[in-house]
Amino acid sequence: MSGRDRPEGISPAAVEGAPGLWRVDLQKHDLSIPGREVIQSRVEFTPDSPPFKHFHPGEEIICVLQGTLEYTLEGLPPVVCNVGDALTVPYGVHHQARNVGNGIAVELATYVVEKGKPLLTKVE
């Protein structure tokens, strides 16, 4: 997708990671916990972004910065989060997120994960 195809409201620095899902990587650092690193990203969802089930090799700590997002964690009912709401996804739990508002939704995603493993694994 070219820059001119970028939806209105998506950060100029964001890279499309999936249809309608855009990421801006903010930081990545080793932690004092052996074998662990922290990765922090701004994740932006267009209203038509389809959810996809996935998991991470560690915890994901989420804070909604803009809009309204619905999170579905394996085995739990969906949770709707608005601006300022926070959610923690435990290690390895299959989950998905979708924008349930009308405009762009944004989350700050902080991952505390095993170093050297893929950050995200899609579940078919």
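Predicted model: local features only at pLDDT ≥ 70, side-chain atom pairs only at ≥ 80, totals over all residues.
Six strands make up an open sheet, lined up as β1-β2-β3-β10-β5-β8 with antiparallel pairing. At the edges sit β1 (15-18) and β8 (86-89), each of which pairs on one side only. Going from strand to neighbouring strand in this sheet, the turn is 30 degrees on average, direction ignored. Within it, β2 (residues 21-30) and β3 (residues 36-45) run antiparallel and are joined by 9 bridges. One spot to look at here is Trp-22, which stands opposite Glu-44 in β3.

β6 has an antiparallel pairing with β7 (residues 79-81) over 3 bridges, and Glu-70 stands opposite Val-80 of β7. The two strands form a hairpin with 5 residues between them, and in that turn Gly-75 shows a positive phi of about 85 degrees. β6 also pairs with β9, again in the antiparallel sense, this time over 5 bridges. Thr-72 has Gln-96 in β9 as its bridge partner.

Asn-99 belongs to that β9 strand, which spans residues 95-99. With a relative accessible area of 6%, Asn-99 counts as buried. What do the polar atoms of its side chain find there? One polar atom of the Asn-99 side chain lies 2.8 Å from the backbone nitrogen of Gly-101, and the backbone oxygen of Gly-103 is 2.7 Å from a polar atom of that side chain. Leaving aside neighbours within four places in sequence, Asn-99 touches Phe-45, Thr-46, Pro-47, Thr-68, Leu-69, Ile-104 and Ala-105.

That leaves the cysteines. How many disulfides does a search of the whole structure find? The count is 0. Cys-63 is in no disulfide, and the nearest cysteine sulfur, in Cys-81, is 9.2 Å away.

Key
Residues numbered from 1 in each chain as written. Heavy atoms only, no water. Pairing = 2+ DSSP bridges. Helix = DSSP H or I, 4+ residues; strand = E, 2+ residues; numbered from the N terminus. Axes fitted to C-alpha atoms, helices over the stretch in contact; angles between N-to-C directions. Buried < 20%, exposed > 50% of the residue type's maximum accessible area, 1.4 Å probe, protein only. Polar contact = N/O pair within 3.5 Å; in protein donor to acceptor, adjacent residues only side chain to side chain. Contact = heavy atoms within 4.5 Å. Disulfide = S-S within 2.5 Å.
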